[in-house]
Amino acid sequence: MTRLTIGACVLVAGGFMLFSHCSKQPTSDGREAGITLRFVYDPAGAPRIGKAPGRPSAPAQPFAKRTGQEKVDIVRVMVLDFSAYDSAWQYFESEDYHTFEHARDNWPGDLKYWAEWRKLLGDFFRVVADQALSIEGDYAKGTVTGVVGLNYLCVGMIEGDSIRYWGEGAVMVREGEPAHAAVQVWDMGPYLAWLEVRPYFVPLKNGLSQRFRCTAYYSDDREMDVTRAAVWSVQPDIAGSIDQTGLFLAGLQVTGEAAVLAVFEGDTARAQVAIAPAALLVAEDFETYATGAYPSAAGWEPLAPGVSGGVSRTYAFSGAQSFRQESSPGHPRRDLFPLQRADSLTIQVSVLLQEPNRGAVVGLFNRAAAG
């Protein structure tokens, strides 16, 4: 016998698929051997055999028995004599496996209880051991008995009378050698059934915003607003930006379809955004003016003279020219460009400050409403 110590166990959502009646006779001569269990979770290579159809994966959660946290009353391990097969994969490809699947699917109970699994598996395979492990703090300890040859193990973490977590794994036991079984464990409790982002489709113009909401729906009919817990992104990313509250801002220079994505507990939901060009009131790059001239022909008005103001070729964001405004302490420079009234306005302005410790203000001003 080998003492079993299980610590820092990790769970992953999924389903279960076990063993079936074996038409072959076990090759083991009944000699018992100790097996050391190791609960594992490998995101890259986690087995997906028997994963319940349509049941999505969820992030791994720690298995622990702590006050007020995951409550597990008992851990049971069932060991089946699988020695008639050279590997678990050989069994899953056999006719015995399909026979068991049929029996399991037509089982009169709901297979939430260890006794039901014990009865079903006992009808189809020789149960070598059915042992309870004691729980001490965050650890399950005990001994597990197997046979020489291939063993298949079922592990049930039981809360009340129901199985809360289920694990399975195969191990080849060779005479005179220590056996170590890697057991994959699944959370059998409520799981994320689907994720949804609303609104599903939004037509939006350049520079405007839309708030999205992400809702998680669980297998126990709960629904939860996970907008702030989800990870948001936009594809393509040049289409706009979105913050942690689900507020999307459409880009100023792109049009066409974009996807808003929300990721939560390993699942992804999306919404579509159709970005259309906004009505362009004015585009000014100051390229049509002579150097040093004031751009009054476009409608610019000086409100405070400062030191000077006019078109310059010294610096430019696009093209070769810009509007240069110079001020001095006590002599601010202010210029106004009138815009037509509209339901919504988006402005894009590039400002270069040539001297440190100086400021600039760009904004919208309603002259008609000013007192």
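**Ground rules.** I am working with a predicted model, where local features need pLDDT of at least 70, side-chain atom pairs count only at pLDDT 80 or more, and totals for chains, interfaces and linings use all residues. Residues are numbered from 1 along each chain as its sequence is written, and side-chain values use heavy atoms, with hydrogens and water left out.

**Cores.** I looked up the nonpolar cores (sets of buried Ala, Val, Leu, Ile, Met, Phe, Trp, Tyr and Cys residues joined through side-chain atoms within 4.5 Å). Buried means under 20% relative accessible area, exposed over 50%, partly exposed in between (1.4 Å probe, protein chains only). The largest core has 26 residues. Val197, Phe212 and Trp232 are among those with the most contacts inside it. Strands E13 (201-205) and E21 (267-276) are among those that each supply at least two residues of this core. Strands (E, at least two residues) are DSSP runs, numbered from the N terminus. Another core, of 25 residues, lies apart from it and includes Phe82 and Trp166.

**Strand E13.** Which way do the side chains of E13 point? They alternate: Val202 and Leu204 point to one face and are buried. I then checked pairing, which needs at least two DSSP bridges between two strands. E13 pairs with E21 in the parallel sense over 5 bridges. Pro203 has Ala274 of E21 as its bridge partner.

**Val144.** I found Val144 in the loop between strand E7 (139-143) and strand E8 (145-147). Val144 counts as buried because its relative accessibility is 0%. Val77 is 67 residues away in sequence, yet 7.4 Å away in space, C-alpha to C-alpha.

Technical notes:
Helices (H or I, at least four residues) and strands (E, at least two) are DSSP runs, numbered from the N terminus.
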